[in-house]
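This briefing concerns helix packing and aromatic contacts. Please consult the sequence and the structure shown here alongside the points that follow.

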Amino acid sequence: VLAKHPELLVRSLDEKMKPTVQWLKDLGMDDSQVAKTIMKFPKLIGTYSLDENLKPKVKTLQEYGFSDTQIVRVLSAAPQLFGHSSSRWAHRFSVLQASGALKSHSSCSFLFLTDAAFAA
């Protein structure tokens, strides 16, 4: 991971990385899931702010009725989605909610789509 993402070396272990790892565990991930998630998207522990990025996105998912199990599933499968802008998320949720299609997307599959595929 460090060979591909040397920028992580300048991040604070105690102030940035450990709290994020603990937060992932608090969400319900086991050690194996945390390790796999970080391997898929190392920026999750070094670049994105817990309070300004990660926690608000989890809160958004919870507000739309997604369970912690579903959130962990999405985060484990595609942690890079948490790097997408909040405005992108908000747009997709509002479109699906307005059309009544949000309930049929309980897996958050709409977050995985490209902008072009989502618009289609």
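A residue is buried when its relative accessible area is under 20%, exposed when it is over 50%, and partly exposed in between (1.4 Å probe, protein chains only). By that criterion Phe93 is buried, at 0% relative accessibility, and Trp89 is also buried, at 3%. The model is predicted: local features need pLDDT of at least 70, side-chain atom pairs count only at pLDDT 80 or more, and totals for chains, interfaces and linings use all residues. Residues are numbered from 1 along each chain as its sequence is written, and side-chain values use heavy atoms, leaving out hydrogens and water.

**Helix packing**
- Helix H4 (residues 50-63) packs with helix H6 (residues 86-99) at about 5 degrees, the axes being 11 Å apart.
- H4 is therefore roughly parallel to H6 (angles under 35 degrees).
- Lys57, Thr60 and Leu61 of H4 meet Ser86, Trp89 and Phe93 of H6 (heavy atoms within 4.5 Å).

**Aromatic pairs**
- Rings of Phe, Tyr and Trp (its six-membered ring) pair if their centres lie within 6.5 Å; planes under 30 degrees apart count as stacked, over 60 as edge-to-face and the rest as tilted.
- The count comes to six aromatic pairs.
- Phe41 and Tyr48 are stacked, because their centres lie 5.8 Å apart and their planes at 20 degrees; both residues are buried.
- Trp89 and Phe93 form a tilted pair, 6.5 Å centre to centre with 55 degrees between the planes.
- Ring pairs link Trp89 and Phe93 into a cluster with Tyr64, Phe66, Phe82 and Phe110.

Technical notes:
Axes fitted to C-alpha atoms, helices over the stretch in contact; angles between N-to-C directions. Helix = DSSP H or I, 4+ residues; strand = E, 2+ residues; numbered from the N terminus. Parallel < 35°, antiparallel > 145°, perpendicular 65-115°, else oblique.
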